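User: Could you walk me through this model? I'd like to begin with the overall picture and then go into some details.

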Amino acid sequence: MSSEPIEPPERPESITVGPEESLWQIAEKLFEDGSRWERIYEANRDVLGDPHALRQGMRLRLPMEIYPAHVRSVAGAYDLERNDLATFVEDAMDDLNAIGDFWGGGKNGTTFFKGEGGGTGYEAVSGQIAKGVDALLDAHDEISKRLRKMADRVQVTDWDNLITILSAFPDD
């Protein structure tokens, strides 16, 4: 399993204007859409009367926005977790198969594989687990794909509904 979790980049609350930088360039860098410069301007009207009067070193507040790079980073974390989970399950299945191989085709091996006295054996249980894990892996895959699509369509996403849906998931 992965030793280090992926931390998404923090959403900046402000930015320092660089040399010869424009609001368009800042919006392009942060939001991947220069036409959103007006949102930065609106958040700074109290200190910036003219949107073209930026000065190097000026500190600008950033509007509350969803940053596509942040969303893509979360999608990458889902990809990593999916891969880690798949590897963990494959290793566990290999271990169980090794146990079955150890017991062989005799009574102990058959009991392990098929079960005994109404108990469920490895064959049935592993099939149920595989179905559940496949569903979980598919869900991870789908979530990462949809997050990437969402990052590419930030302006048309219904954030209120998304927040409502995501807040319904348990914290742990």
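User: How much of the chain is buried?

Analyst: Buried residues account for 27% of the 172 residues in the protein chain, where buried means under 20% relative accessible area, exposed means over 50% and partly exposed lies in between, computed with a 1.4 Å probe on protein chains only. This is a predicted model, in which local features need pLDDT of at least 70 and side-chain atom pairs count only at pLDDT 80 or more, while totals for chains, interfaces and linings use all residues. Residues are numbered from 1 along each chain as its sequence is written, and side-chain values use heavy atoms, with hydrogens and water left out.

User: OK, and what secondary structure does the chain have?

Analyst: The protein chain has six helices and two strands, and along the sequence they follow the pattern β-α-α-β-α-α-α-α. The elements are DSSP runs numbered from the N terminus, with helices being H or I runs of at least four residues and strands being E runs of at least two.

User: Which residues touch the most other members in the largest nonpolar core?

Analyst: In that core of 15 residues, L23, I26, L30, I40, L48, L54 and L60 touch the most other members. A nonpolar core here is a set of buried Ala, Val, Leu, Ile, Met, Phe, Trp, Tyr and Cys residues joined through side-chain atoms within 4.5 Å.

User: Where does the largest share of this core come from?

Analyst: Helix α1 provides the largest share, five residues, and both α1 (23–31) and α2 supply at least two residues each.

User: Moving on to helix packing, how do α3 and α5 cross?

Analyst: The axes of helix α3 (residues 68–103) and helix α5 (residues 122–152) come within 8 Å and cross at roughly 165°. The axes are lines fitted to C-alpha atoms, for helices over the stretch in contact, and the angles run from 0 to 180 degrees between N-to-C directions. That angle makes α3 roughly antiparallel to α5, given that angles over 145 degrees count as roughly antiparallel, under 35 as roughly parallel, 65 to 115 as roughly perpendicular and the rest as oblique.

User: Is the crossing left-handed or right-handed? And how many nonpolar, polar and charged residues are in the contact?

Analyst: The crossing of α3 and α5 is left-handed, a term used if the near helix is turned anticlockwise from the far one by less than a right angle. The contact of α3 with α5 includes 18 nonpolar, five polar and seven charged residues; Ala, Val, Leu, Ile, Met, Phe, Trp, Tyr, Cys and Pro count as nonpolar, Asp, Glu, Lys and Arg as charged, and the others, Gly among them, as polar.

User: What is the C-alpha separation of D134 and A86?

Analyst: The C-alpha atoms of D134 and A86 are separated by 8.8 Å, although the two residues are 48 residues apart along the chain. D134 lies in helix α5 and is partly exposed, at 45% relative accessibility.

User: Now the charges: how many salt bridges are there?

Analyst: A search of the whole structure finds nine salt bridges, each being a side-chain nitrogen of Lys or Arg within 4 Å of a carboxyl oxygen of Asp or Glu. One of them joins the side chains of R61 and D46, at 2.7 Å from N to O.

User: Where do R61 and D46 sit in the chain?

Analyst: R61 is in strand β2 (residues 59–61), and D46 is in the loop between α2 (37–43) and β2, so the pair links distant parts of the chain, 15 residues apart. R61 is partly exposed at 39% relative accessibility, whereas D46 is exposed at 58%.

User: Last topic, backbone: what is phi for E20 and E32?

Analyst: E20 has a positive phi near 55°, and E32 has a positive phi of about 60°. Most residues other than glycine have a negative phi.
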